[in-house]
Amino acid sequence: MNIETSEQGGSVVVALAGEVDLQHSPKLRKVLMELMLERRPVIVDMAGVAYIDSSGIAGLVEAYQMARRQAGRFTLAAVSQPAMRVLQLARLDKVFAIADTVAAALGSV
Amino acid sequence: MTTLDRRFPARPERLCDIRHAVAEAVGAVGCPQPVIGDVVLAVDEACQNIIRHAYRGADGDIVVQVAAEADRLVIQLIDFAPPVDVAKICPRPLDELRPGGLGTHFINSVMDEIDFLPPPDGAGNLLRMVKHFGDGQ
């Protein structure tokens with residue numbers, strides 16, 4: 001798994017790539033929780049996610065919940081097909097704010 | 001026809017190896033990509049459960065077996081941890097939005113049969129999962 005963060009249009013874009021599994025999900029959680037504590041609008045670019053499991057989804061849910069408590073913004077963008085399949089299985093595709101592209105997510109912030 | 005019968009250390013950093021071995025084995029019998037993805041997810045989640053709830057952080061192994069029978073795949077996961085209380089294994093309701101507890105739901109969603117069977121001598125648990133991959137699956 002690779003995580004790259006960048007500042008774009010007042011938001012922090014977290015670009016995830018590779019396989020987000022039990023080995024790597026603690027790192028994702030740490031990155032997202034730190035950004036949430038800073039109360040930054042976060043867009044998670046999931047275009048490069050080849051695989052994500054329940055532990056990775058848990059990190060996204062935790063960040064989403066924290067953003068919601070803070071009235072903050074937490075958006076998933078460009079969700080890859082494998083990641084969307086898992087979100088749909090968890091019925092979270094109707095819970096998260098999901099944008100087709102990072103540009104679209106930036107436009108909605 | 002057995003396409004995979006391999007022992008792996010039950011450690012998070014070996015889940016990647018397990019996933020890739022299962023994907024290769026399932027792909028070798030001609031299963032379409034969606035089936036491969038679902039089976040890989042189920043095996044990964046089941047192995048996570050073994051690592052976290054059966055071995056509880058202790059060292060151990062998982063034997064991963066994949067067999068193709070006509071239009072179905074039979075996957076068996078054997079561990080050597082103390083027997084788990086099957087009655088305590090249940091998915092959480094999806095209308096509760098909380099971070100954990102989705103793994104068992106994923107397994108139940110993508111596999112057609114899930115059973116804990118009597119393990120072979122010397123083993124602790126045997127999880128058997130079946131996935132049909134014929135037309136319309």
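Which residue is the bridge partner of B:Pro9 in β2(B)? The partner is B:Asp61, and the legends below take this predicted model one close-up at a time.

**Figure 1. The open sheet of chain B has five strands.**
Here the strands follow the order β1-β2-β3-β5-β4, and their pairing is antiparallel. β1 (2–9) and β4 of chain B are the edge strands, each pairing on one side only. From one strand to the next, the twist averages 15°. Look at β1(B) and its partner β2(B), residues 61–69: the two run antiparallel and are joined by seven bridges. This is the pair in which B:Pro9 meets its bridge partner, B:Asp61. α1(B) packs on this sheet and touches β1, β2 and β3 (72–79) of chain B; the direction of α1(B) makes about 175° with that of β1(B). α2(B) packs on the sheet as well, touching β2, β3 and β5 (125–132) of chain B. Its direction makes about 15° with that of β3(B).

**Figure 2. Helix α1(B) crosses α2(B) in a right-handed sense.**
The axes of α1(B), residues 15–28, and α2(B) come within 9 Å and cross at roughly 145°. From α1(B), the residues that meet the other helix are B:Leu15, B:Ile18, B:Arg19, B:Val22, B:Ala23, B:Val26 and B:Gly27. Facing them in α2(B) are B:Val35, B:Ile36, B:Val39, B:Val40, B:Val43, B:Asp44 and B:Cys47.

**Figure 3. The largest nonpolar core has 71 residues.**
B:Ala42 and B:Val43 have the most contacts inside this core. α2(B) supplies the largest share of the core, with 11 residues. As general background, nonpolar side chains tend to be buried together in soluble globular proteins.

**Figure 4. Strand β4(B) is hardly covered.**
How many of the five residues of β4(B) are buried? The count is zero. β4(B) is joined to β5(B) by five bridges, and these two strands run antiparallel. Within the pair, B:Phe116 stands opposite B:Leu127 of β5(B).

**Figure 5. Chain A has an open sheet of five strands, with mixed pairing.**
The strand order in chain A is β1-β2-β3-β4-β5. At the edges stand β1 (2–8) and β5 (97–99) of chain A; each has a single partner strand, so one side of each is left without a neighbour in the sheet. The twist from one strand to the next averages 25°. β1(A) pairs with β2(A), residues 11–20, in the antiparallel sense over seven bridges, and A:Ile3 has A:Leu16 of β2(A) as its bridge partner. Helix α2(A) packs on the sheet, where it touches β2, β3 (42–52) and β4 (74–77) of chain A. The direction of α2(A) makes about 170° with that of β3(A).

**Figure 6. Chain A meets chain B through 19 residues of chain A and 18 of chain B.**
On the side of chain A that touches chain B, α2 and α3 of chain A each supply at least two residues. α2(A) gives the most to that side, with seven residues.

**Figure 7. Helix α3(A) has buried residues covered by elements of both chains.**
The buried residues of this helix are A:Ala83, A:Val86, A:Leu87 and A:Leu89. Seen down the axis of α3(A), these residues fall within an arc of 160°, so they line one face of the helix. Their cover includes β3 and α2 of chain A, together with α2 and α3 of chain B. After α3(A) comes A:Arg91, which has a positive phi near 60°.

**Figure 8. Helix α3(B) packs its buried residues against parts of chains A and B.**
In α3(B), residues 103–110, the buried residues are B:Gly103, B:Phe106, B:Ile107 and B:Val110. Why do they sit on the same side of α3(B)? They cover an arc of only 100° around the axis, which puts them there. They pack against α2 (54–69) and α3 (81–89) of chain A, and against α2 (33–54) and β4 (113–117) of chain B.

Methods. Residues numbered from 1 in each chain as written. Chains lettered and ligands numbered in written order. Predicted model: local features only at pLDDT ≥ 70, side-chain atom pairs only at ≥ 80, totals over all residues. Buried ≥ 20, exposed ≤ 12 C-beta atoms within 10 Å, placed from the backbone. Helix = DSSP H or I, 4+ residues; strand = E, 2+ residues; numbered from the N terminus. Arc of directions from axis to C-beta. Contact = placed C-beta atoms within 7 Å. Core = buried A, V, L, I, M, F, W, Y, C linked by C-beta atoms within 7 Å. Pairing = 2+ DSSP bridges. Axes fitted to C-alpha atoms, helices over the stretch in contact; angles between N-to-C directions. Left-handed = near helix turned anticlockwise from the far one by under 90°.
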